[in-house]
Amino acid sequence: MTFAQAVAIGLALVFVVATLRPEWLPERLSPPAPAGAPSPTRESPAPGAAAGAPAASILSYSEAARRATPTVVNVFTTKESRVAPDHPFFNDPLFRRFFGDQQRRQQTSSLGSGVIVDADGTILTNHHVIDGADGIEVLLADGRRGRAKLVGSDPETDLAVLRVDLPNVTPIVLADSDSARIGDVVLAIGNPFGVGQTVTMGIVSALGRTQLGINTFENFIQTDAAINPGNSGGALVDTEGRLLGINTAIYSRTGGSLGIGFAIPTSTARNVMEQILKNGSVVRGYIGVEPQDVTPELAQAFKLPKKDGAIIAGVMRGGPADKAGVRTGDILVDIDGRTIPNTATMLNVIAQLQPGATGRFTFVRDGREVTLPITVARRPKPGQ
């Protein structure tokens, strides 16, 4: 009887300890782990992680931030404007005739971000960050300041190249943005609202966003990483700290981040930067037409078998297309063997053609295909 009571008490104690403090028990007496669960005394490495690495390490992107943050700079610009005194008396023509223009000079400042892409101090930023600036200054992550020189800019992709003469700057490594996938984790680095360098995290929400009306030539990476005013020109990096894109715009009704931000991919930024460094500007092809997307209604009206192509809504008199015989109402469907699904693709394909080269342009006219050779001209600068 006494033995039975002792055994019962012992089993009760083992049960209590196994439930509340299983680590106190020898390994043989520890309760078995559920199928597929890791051992409670060992850490399971994350898939792809090195053996012995803590499982929680995948939850931190500190190494990517450590690599990328020294390459991101704050960009400060100043612009001088003339402001008339706020009184109608000073706008009177007779007063101005005798006393001259009483306008006073006023200096305004704005801020943005930029990314160091070369050890010689070359910096990528947005065109709208430095547009019209009389002075540009950059602040490095280590606290050093320096005046920057504008090498060149491209309003049609909203990119600009600066150069700062400071020693021992850290350039970023450029990633292949064409290999980015929806769902990839990304970090946005910049100077939002002027509070100082900030890192936010998100994923790639979409790729190849076009027809947003932001730039003439669009091919955006969309992300939900928080991008706010002041982030423009900053870096969108992958989990290895490599540059995937230049943050350029947000979709917002309030001015703050709503989780829809856009970055110019490095494939575009690299091409624009190389042309600016080589030529001082970007050289693009041009044929002198005004395109319009094919809508289902227009496809039905023109009796098109599919809704691809770009309708020529206007032809510039004396331009390359006019000289080649392109007519209003023609539908461009192919350039040198490349299918043209919409106006965005059309603009990008024509822009890549070298001025002076002759391309084969296929149009649908009156229900049949017509191929015309067009000698490409150089695209004029915006406003010309």
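Helices here are DSSP runs of H or I with at least four residues, numbered from the N terminus. With that in mind, select helix 5 and then the residue after it: G280 follows helix 5 and has a positive phi, near 85°. The model is a predicted one.

**The whole chain**

Of its 384 residues, 39% are buried. Among contacts between residues at least 6 apart in sequence, 60% join residues at least 24 apart. The accessible surface comes to about 21800 Å², and carbon and sulfur atoms account for 53% of that.

**Helix 5**

Select residues 266-279. Helix 5 has 14 residues and spans 19 Å from its first C-alpha to its last, close to the 20 Å expected at 1.5 Å a residue. Which of its residues are buried? They are T266, A269, V272, M273, Q275 and I276. An α-helix has 3.6 residues a turn, so residues three or four places apart point the same way.

Now select residues 243-250, which form strand 11. Seven of its eight residues are buried, so strand 11 is largely enclosed by the rest of the structure. Strand 10 and strand 11 form a hairpin with five residues between them. In the turn, look for G241, whose phi is positive at about 80°.

Follow I246 across the strands: I246 is the bridge partner of A235, and I264 in strand 12 is the bridge partner of I246.

**The aromatic pair**

How many aromatic pairs does a search of the whole structure find? It finds one. The ring centres of F220 and F262 are 5.8 Å apart and their planes meet at 50°, so the pair is tilted. F220 lies in strand 9 (residues 220-223) and F262 in strand 12, so the pair ties together parts that are 42 residues apart in sequence. F220 is buried at 2% relative accessibility, and F262 is buried at 6%.

**S177**

Select S177, in the loop between strand 6 (159-164) and strand 7 (185-190). Is S177 buried or exposed? Its relative accessible area is 7%, and buried means under 20%, so S177 is buried. The side chain of S177 reaches the backbone nitrogen of S267 at 3.1 Å. Leaving out residues up to four places away in sequence, S177 touches I221, L244, P265, T266 and S267.

**L353**

For the last stop, select L353, which is found in the loop between helix 8 (343-352) and strand 18 (358-365). L353 is buried, with a relative accessible area of 18%. What does L353 touch, not counting residues up to four places away in sequence? Show R284, G285, I335, D336, F361 and V376 to see these contacts. Finally, select V283: its C-alpha and that of L353 are separated by 9.4 Å, while the two residues are 70 apart along the chain.

Conventions:
Residues numbered from 1 in each chain as written. Heavy atoms only, no water. Helix = DSSP H or I, 4+ residues; strand = E, 2+ residues; numbered from the N terminus. Buried < 20%, exposed > 50% of the residue type's maximum accessible area, 1.4 Å probe, protein only. Contact = heavy atoms within 4.5 Å. Pairing = 2+ DSSP bridges. Polar contact = N/O pair within 3.5 Å; in protein donor to acceptor, adjacent residues only side chain to side chain. Expected span 1.5 Å × (residues − 1). Areas by Shrake-Rupley, 256 points an atom, 1.4 Å probe, with all protein chains shown as cover. Phe/Tyr/Trp six-rings, centres within 6.5 Å; stacked < 30°, edge-to-face > 60°.
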